[in-house]
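Please open the structure in your viewer and keep the selection tool at hand.

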Amino acid sequence: MPLRVEFVDGMEAVGAADWNRLAAGSEPFLRYQFLHALEASGSVSAKTGWQPCHVTVRSADMHLVAVMPLYIKDNSYGEYVFDWSWAHAYSRNGLDYYPKLMSSVPFTPATGSRLLLDANSDRQAVSAAVFTAVKTLAEKIGASSWHILFPEDRECQQWQDSGLMSRLGCQFHWFNAGFTSFDDFLQSFAARKRKRLKRERRRVQEQEIKLTSYTGVEITGALWQSFYEFYQFTYLKRGQQGYLNEDFFLRIAASMPENLVMVMASLHGKPVGSALCFKNQTTLFGRYWGCREEYDCLHFEACYYQGIDYCIAHGLQRFDPGAQGEHKIQRGFVPVKTWSSHWIAHAEFSDAIARFLDDETQGVESYRSECCAMLPFNSQYFETAAVKDLIENG
């Protein structure tokens, strides 16, 4: 049956009920509440380089069967899949790389569905209709390309079948093998590596720093204020402003508290640092961290070890602490594959980028192998089927 693809200039044009009906079961960043808070707070807008232009797909009877986040971008900030060299190559050849079209969650390098469909939809037919419509939009506004960041493996393969190029990346995630405690988790380590983590946790205690995890409505206004000050101060130390403003955090605090976990570090009763995570039924997502002063090993404790503790205590299966960071390997985070999909309008540049991606893929695969060789686990844990599968397939 014919499908009608349209583009809307904001989340409100779709509405919370319809969007969340299609996003059910996705990671929290695909919920209406998160994406709407980005827009309503002004953190995402044409002014910040993320102009909303979301995809809606309706059946012949006008029933909404699919949605997809889409933005018109005039820069490459806040994406975590780096294409600055592609933009520079365009510029050197007298061409404009911007605007470009981007399907992703702004400032959020978390893997998940990007094309959200109802259960009765034909994904292949919907994908083809969306791709055709996006190419028409790109031609209309002079966009150089369309990029889909951090789609699930299966979805990335489907976009590749439709004609987009796939790009391989790498992150470091923790997986719960039925651990009963942090000490139980450490039993999977080689002895020397186990002692190092224990020493790091002990170092935080020796500084008399106390860490407390708060969830949902337990996160008070005072805690939010401290967190936001730490978040912005961490950026200011690098001469930058945080991407997200205070209004954004207040909005998600009110609209999606069930998805929030805040770790607050205090010294003699005074907050000194904080980490904010999101969660769903299976996964904890580490997202934002900030502190005013540096304390030995506090970042590792607040951003990694407290998250592992939380996952074990609440039966979560995975901890995604965010992009990059080889220092996570020795702390038990496994290198996993991430993906992005890319369509380049200019035929010659598309061919050149395809060759670049072939070479880059080999480099990423080698990098993953090297990272796997650095994992701290003992031989017995390495031999478990789950770990073998992760190392072999990512």
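The stops below cover backbone features, a pair of helices and the nonpolar cores.

The model is predicted: local features need pLDDT of at least 70, side-chain atom pairs count only at pLDDT 80 or more, and totals for chains, interfaces and linings use all residues. Residues are numbered from 1 along each chain as its sequence is written, and side-chain values use heavy atoms, with hydrogens and water left out.

**Backbone features**

Most residues other than glycine have a negative phi, and most peptide bonds are trans. Select Tyr-98 and Pro-99: the peptide bond joining them is cis, with omega near 5°. Pro-99 lies in the loop between helix H3 (84-92) and strand S6 (100-103). Helices (H or I, at least four residues) and strands (E, at least two) are DSSP runs, numbered from the N terminus.

Next, select Phe-107, in the loop between S6 and strand S7 (116-117). Its phi is positive, near 65°, and the residue is not a glycine. Is Phe-107 buried or exposed? Phe-107 counts as buried because its relative accessibility is 4%; buried means under 20% relative accessible area, exposed over 50%, and partly exposed in between (1.4 Å probe, protein chains only).

Then select Glu-208, in the loop between helix H7 (191-206) and strand S10 (209-215). Glu-208 also has a positive phi, of about 65°, but counts as exposed because its relative accessibility is 51%.

**A pair of helices**

Select H8 (residues 221-236) together with H9 (residues 246-255). Their axes are 11 Å apart and the helices pack at an angle of about 140°; axes are lines fitted to C-alpha atoms, for helices over the stretch in contact, and angles run from 0 to 180 degrees between N-to-C directions. Which residues of H8 meet H9? They are Trp-224, Gln-225, Phe-227, Tyr-228 and Tyr-231, which meet Glu-246, Phe-249 and Ala-253 in H9; contact means heavy atoms within 4.5 Å.

**The nonpolar cores**

A nonpolar core is a set of buried Ala, Val, Leu, Ile, Met, Phe, Trp, Tyr and Cys residues joined through side-chain atoms within 4.5 Å. Select Trp-174, Phe-185, Ile-209, Leu-211, Leu-284, Leu-298 and Ile-308, which touch the most other members of the largest core, of 48 residues. Helix H10 (residues 298-314) supplies the largest share of this core, nine residues. A second, separate core has 46 residues, including Val-14, Leu-38, Tyr-231 and Met-262.

Finally, centre the view on Leu-284. Leaving aside neighbours within four places in sequence, Leu-284 is in contact with residues including Val-261, Phe-278, Tyr-310 and Phe-319.
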